[in-house]
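Please look first at the sequence and the 3D structure shown here, and keep both in view while you read. The report is meant to be followed slowly, one topic at a time.

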Amino acid sequence: MYRMICAAALCLVTTQVQAQTAQPATAEDYAKWPLLTPEFESTGGGGIMIRGYDPVVSGGKCNTNFTAHEPGANGKVYANAVTFEASAVQGGILCADGRWRALDGSATGTTPLQVFIKDGIKRRSP
């Protein structure tokens with residue numbers, strides 16, 4: 001019986017110490033993200049540049065058409081569209097969980113990029 005009481009007490013103390021030392025998750029401060037610029041490098045890398053990214057919020061989604069440009073003067077240009085889930089956060093809208101598609105139907109995928117829109121200002125995830 002004594003061992004059971006000691007084990008229970010040790011478990012309680014351990015739980016209390018863990019609760020006291022646990023750090024709360026830090027909330028992302030979207031207002032500190034960099035501005036969404038007219039041109040930026042693709043999250044997929046490879047020197048692909050994205051142009052025309054200008055999400056508009058409607059019906060719980062953020063949507064935009066954009067182009068992806070291969071490097072070089074003669075690089076191919078791909079016309080695409082992306083749709084994000086829109087959620088209200090920090091007084092603005094977070095566009096996340098993006099799914100893109102080529103307008104010609106040749107490719108689809110997801111993007112880790114997120115966009116935060118507040119007071120008409122658009123910011124992108126770092």
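The text below goes from the overall fold to bonds, rings, charged pairs and a pocket.

## Basis of the report

This is a predicted model, in which local features need pLDDT of at least 70 and side-chain atom pairs count only at pLDDT 80 or more, while totals for chains, interfaces and linings use all residues. Residues are numbered from 1 along each chain as its sequence is written, and side-chain values use heavy atoms, with hydrogens and water left out.

## Overall fold

The protein chain has 1 helix and 9 strands, where helices (H or I, at least four residues) and strands (E, at least two) are DSSP runs numbered from the N terminus. Read from the N terminus on, the order of the elements is α-β-β-β-β-β-β-β-β-β. Of the 126 residues of the protein chain, 25% count as buried; buried means under 20% relative accessible area, exposed means over 50%, and partly exposed lies in between (1.4 Å probe, protein chains only).

## The disulfide

A disulfide is a covalent bond between the sulfur atoms of two cysteines, and the rule used here asks for a pair of cysteine sulfur atoms within 2.5 Å. By this rule the count comes to 1 disulfide, which joins C62 to C95 with an S to S distance of 2.1 Å. Because C62 lies in strand β4 (residues 61–69) and C95 in strand β6 (residues 92–102), the pair ties together parts that are 33 residues apart in sequence. The torsion about the S-S bond of C62 and C95 is about -75 degrees, so the disulfide is left-handed. Are these two cysteines, C62 and C95, buried or exposed? Both C62 and C95 are buried.

## Aromatic rings

A pair of aromatic rings is described by the distance of the centres and the angle of the planes. Rings of Phe, Tyr and Trp (its six-membered ring) pair if their centres lie within 6.5 Å, and planes under 30 degrees apart count as stacked, over 60 as edge-to-face and the rest as tilted. By this rule the count comes to 5 aromatic pairs. In one of them, the rings of Y53 and F66 have their centres 5.0 Å apart and their planes at 55 degrees, so the pair is tilted. This pair links distant parts of the chain, since Y53 is in the loop between β2 (49–51) and β3 (56–58) and F66 is in strand β4, 13 residues apart. Y53 and F66 are both buried, and ring pairs link F40, Y53, F66 and F84 into a cluster.

## Salt bridges

Side chains of opposite charge can pair when their charged atoms come close. A salt bridge is counted here when a side-chain nitrogen of Lys or Arg lies within 4 Å of a carboxyl oxygen of Asp or Glu, and the structure holds 4 salt bridges, among them those in the table.

| Salt bridge | N to O distance |
|---|---|
| K32 and D29 | 3.9 Å |
| R51 and E39 | 2.4 Å |
| E85 and K61 | 2.5 Å |

K32, at 68% relative accessibility, counts as exposed, whereas D29 is partly exposed, with a relative accessible area of 33%. R51 is partly exposed at 37%, and E39 is partly exposed at 37%. R51 lies in strand β2 and E39 in strand β1 (residues 39–41), so the pair ties together parts that are 12 residues apart in sequence. E85 counts as partly exposed at 39% relative accessibility, and K61 counts as partly exposed at 29%. E85 lies in strand β5 and K61 in strand β4, so this pair ties together parts that are 24 residues apart in sequence.

## The largest pocket

On a 1 Å grid over the protein atoms alone, a pocket is an open set of points where a 1.4 Å probe fits, with protein on both sides within 12 Å along at least five of seven lines, and lining residues have an atom within 4 Å of a point. Grid points are joined across faces, edges and corners, and a volume is the space filled by probe spheres set on the points. The largest pocket has a volume of about 460 Å³. Of the 25 residues that line the largest pocket, the closest to its centre are I50, F66, A68, N80 and W100. The elements that give two or more residues to this lining are β4, β5 (77–89), β6 and β7 (108–111), and the largest share, 5 residues, comes from β5.

## Near the end of the chain

S125 is found in the segment after β9 (121–124), and S125 is buried, with a relative accessible area of 11%. The C-alpha atoms of S125 and Y30 are separated by 7.9 Å, although these residues are 95 residues apart along the chain.
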